[in-house]
Amino acid sequence: MDSIVKKVAAAYVAPKILKRLKWQYLVFGVAAYYGLKLLSKKGVLPKQTGAALDFVDKGIDMAKKQIGIQTPVSSKDPLQMHADLH
């Protein structure tokens with residue numbers, strides 16, 4: 001019963017949230033995240049940046065878990081995956 005209520009509530013609330021979401025901010029945020037990750041990997045940024053990015057990664061994983069998106073078993077770095085394609 002509880003899961004049905006959650007699904008109905010999500011079906012009602014999700015479109016309203018998505019309607020108000022400014023997609024450009026999401027794109028800017030993703031670009032900034034991967035830019036910081038790339039700069040950190042190249043050693044341009046201080047070492048503390050890695051800890052902050054790990055904290056963000058944990059938050060992303062927690063959010064994915066909450067909405068039911070499963071992460072792949074191989075948690076390969078997206079930047080490394082991109083490099084493997086080229």
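Helix α2 covers residues 23-41, and its 19 residues reach 27 Å from the first C-alpha to the last, close to the 27 Å expected at 1.5 Å a residue. The model is a predicted one, and within the chain confidence is highest in α2, at a mean pLDDT of 87. After this helix comes glycine 43, whose phi is positive, near 85°.

Helix α3 (residues 48-67) can be judged by the rule of 1.5 Å a residue: the 20 residues should span 28 Å, and because the end C-alpha atoms of α3 are 29 Å apart, the two values agree. Just after α3, glycine 68 takes a positive phi of about 90°, while α2 is likewise followed by a glycine with positive phi, glycine 43.

| Helix | Residues | Computed value |
|---|---|---|
| α2 | 23-41 | 27 Å from first C-alpha to last |
| α3 | 20 residues | 29 Å between end C-alpha atoms |
| α4 | 78-85 | mean pLDDT of 54 |

Read along the sequence, the chain follows the pattern α-α-α-α, with four helices and zero strands in total. The mean pLDDT of the chain is 78, and 79% of its residues reach 70 or more; confidence is lowest in helix α4, at a mean of 54.

As for the surface, buried residues make up 6% of the 86 residues in the chain, and the chain exposes about 7,900 Å², of which carbon and sulfur atoms supply 67%. A nonpolar surface patch of about 550 Å² is formed by Leu18, Leu21, Trp23, Leu26, Val30 and Tyr34, and α2 gives the most to this patch, with four residues.

How many salt bridges does a search of the whole structure find? The search finds one, in which the side chains of lysine 37 and aspartate 57 meet at 3.0 Å, N to O. The pair links distant parts of the chain, with lysine 37 in helix α2 and aspartate 57 in helix α3, 20 residues apart. Lysine 37 has a relative accessibility of 15% and therefore counts as buried, the cut-off for that class being under 20%.

Note on methods: Residues are numbered from 1 along each chain as its sequence is written. This is a predicted model: local features need pLDDT of at least 70, side-chain atom pairs count only at pLDDT 80 or more; totals for chains, interfaces and linings use all residues. Side-chain values use heavy atoms; hydrogens and water are left out. Helices (H or I, at least four residues) and strands (E, at least two) are DSSP runs, numbered from the N terminus. Buried means under 20% relative accessible area, exposed over 50%, partly exposed in between (1.4 Å probe, protein chains only). Accessible areas come from the Shrake-Rupley method with a 1.4 Å probe; for residues, only the protein chains shown count as cover. The expected span of a helix is 1.5 Å times one less than its number of residues. Patches are made of residues with over 30% relative accessible area and no salt bridge: like charges are joined within 9 Å, nonpolar side chains (Val, Leu, Ile, Met, Phe, Trp, Tyr) within 5 Å. A salt bridge is a side-chain nitrogen of Lys or Arg within 4 Å of a carboxyl oxygen of Asp or Glu. pLDDT is the predictor's confidence in each residue, from 0 to 100.
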